[in-house]
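Subject: Handover of a structure and the findings on it

Dear colleague,

Please find below the structure that I am handing over to you. I would ask you to look at it first and then to read the notes that follow.

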Amino acid sequence: MSDMPRPRLPYLVHETTRHGARVWYFRRGKGARLRLPEPYGSREFMAAYQAALAGEAPAKKRQKTKAGSLRWLVDLYRASSEWSVLAPATKKQRDNIFTHVLGGAGDFQADEIERKHIVAGRERRKDTPGAANNYLKTMRAVFSWAVERELIAEDPTVGVKKLKLQAGGFHSWTEDEIRRFEARWPLGTRERLALAILLYTGLRRGDAVKLGRQHIRDGWIFIRTEKTRAEIRIPVMPLLAETLAAGPVGDLAFLVTRDGQPMAKAGFGNWFREACRAAGVPGAAHGLRKAGARRLAEGGATDKQLNAVYGWSDESRESATYTRAADRARLAEAAFAKLPEAAPPAARPTRKLRSV
């Protein structure tokens, strides 16, 4: 132990334990006592003393995670290969969910969590069905992973259904709304550039704000999507090329602020909503992605072709949503075309009027 300085440092007091060890505390006046680390005079001791002298709160010791607890299980999941391959946006979303879940149930034993607890968690979020479903998806990922690793015996999320979202989800832009937006925001505006990138690439806003010159080669866009990590390759449509040429554009990111800085995902979404309001349209960024998929489906694109453009997996049912709707519209048109009234006047069969 280092020799005690003479005179003693101010605000230091000590006690002797029943085992004969001397324990040192920092206490200013009638304030609370702060225990200092041993041994006396060590680097850790002096650092803690200087922090207390400056009025800084001592660093809290990290509590040891209890084996078998939900917190322990989530920590293992975060260290797994399944977690490592998730997109950064997915990790961030799930981390936020874990923060809320572990704050109230982190010390519960993982194998004691039952289906009713998962249902209760979903119901607490029922006012925002999207958030409720993300919670369920996150918990299902943890528990299904844990069952596969034989860390727990049963998955409490099995049989728990997602909440139904509002019919149609995000509003899909109509052709009239697209024309109104273009009338309000002509070529040469950032707003028109944003619309063209979203509509003619099908990128989500997180990818749209990252799109830049480095992603374009020989008239094609090559980019790995943030959410699914899928590598997509799509042609630069003439209208998109015309809009990019009209600007204003950045370099490594086409969409930039007035100061020339790349736009952030959240900030871009809010900014684009304001542009929609100014144009008198009810749309948002994601609705243009849906409008683009609708256009392609109505033009005859197949499920596999839509999957290639939008980065959906072949097992996804997203593309079928658009191709089925387009098929129904074509079938309805063909059905009505069979009516006599749809034929040219010269070809219409004459109907004899019966006497009454």
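Is Asp 218 buried or exposed? Asp 218 is exposed, since its relative accessible area is 79% and the term applies over 50%. Please bear in mind that the model is predicted.

Asp 218 belongs to the loop that lies between strand 4 and strand 5. Its phi is positive, at about 55°, although the residue is not a glycine. Ile 216 has Ile 221 in strand 5 as its bridge partner. Three strands in the order 4-5-6 make up an open sheet with antiparallel pairing. Its edges are strand 4 (216-217) and strand 6 (231-235), each of which pairs on one side only.

A second residue with a positive phi is Tyr 11, at about 70°, and it is not a glycine either. Tyr 11 is found in the segment before strand 1 (12-16). With a relative accessibility of 34%, Tyr 11 counts as partly exposed.

I turn next to the interior. In soluble globular proteins, nonpolar side chains tend to be buried together. The largest nonpolar core here has 36 residues, and those that touch the most other members are Trp 173, Phe 181, Ile 197, Leu 240, Phe 268, Phe 272 and Leu 288. At least two residues of this core come from each of helix 7 (175-184), helix 8 (190-201), strand 5, strand 6, helix 10 (238-246), helix 11 (265-279) and helix 12 (285-298). Helix 8 provides the largest share, namely eight residues. Apart from this core lies another one of 23 residues, which includes Ile 97, Val 101, Ala 110 and Leu 136.

Phe 181 deserves a look of its own. Neighbours within four places in sequence aside, the residues in contact with Phe 181 include Trp 173, Leu 195, Phe 272 and Ala 275. Phe 181 also belongs to a cluster linked by ring pairs, together with Trp 173, Phe 268, Trp 271 and Phe 272.

How many aromatic pairs does the structure hold? There are 14 aromatic pairs in the structure. One of them is formed by Tyr 40 and Phe 45, whose ring centres are 4.7 Å apart and whose planes stand at 55°, so this pair is tilted. Tyr 40 and Phe 45 are both buried. Trp 83 and Phe 98 also form a tilted pair, because their planes are at 35°, with the centres 6.2 Å apart. Trp 83 is in helix 3 (residues 81-84) and Phe 98 is in helix 4 (residues 88-105), so the pair ties together parts that lie 15 residues apart in sequence. Both Trp 83 and Phe 98 are buried.

Two further details remain. The charged end of Arg 125 sits over the ring of Tyr 135, at 4.1 Å from its centre. The peptide bond from Gly 247 to Pro 248 is cis, and its omega is near -5°. Pro 248 is located in the loop between helix 10 and helix 11.

Yours sincerely,
A colleague

Conventions
Residues are numbered from 1 along each chain as its sequence is written. This is a predicted model: local features need pLDDT of at least 70, side-chain atom pairs count only at pLDDT 80 or more; totals for chains, interfaces and linings use all residues. Side-chain values use heavy atoms; hydrogens and water are left out. Two strands pair if DSSP finds at least two bridges between them. Helices (H or I, at least four residues) and strands (E, at least two) are DSSP runs, numbered from the N terminus. A nonpolar core is a set of buried Ala, Val, Leu, Ile, Met, Phe, Trp, Tyr and Cys residues joined through side-chain atoms within 4.5 Å. Buried means under 20% relative accessible area, exposed over 50%, partly exposed in between (1.4 Å probe, protein chains only). Contact means heavy atoms within 4.5 Å. Rings of Phe, Tyr and Trp (its six-membered ring) pair if their centres lie within 6.5 Å; planes under 30 degrees apart count as stacked, over 60 as edge-to-face and the rest as tilted. A charge sits over a ring if NZ of Lys or CZ of Arg is within 6 Å of the ring centre and within 35 degrees of the ring normal.
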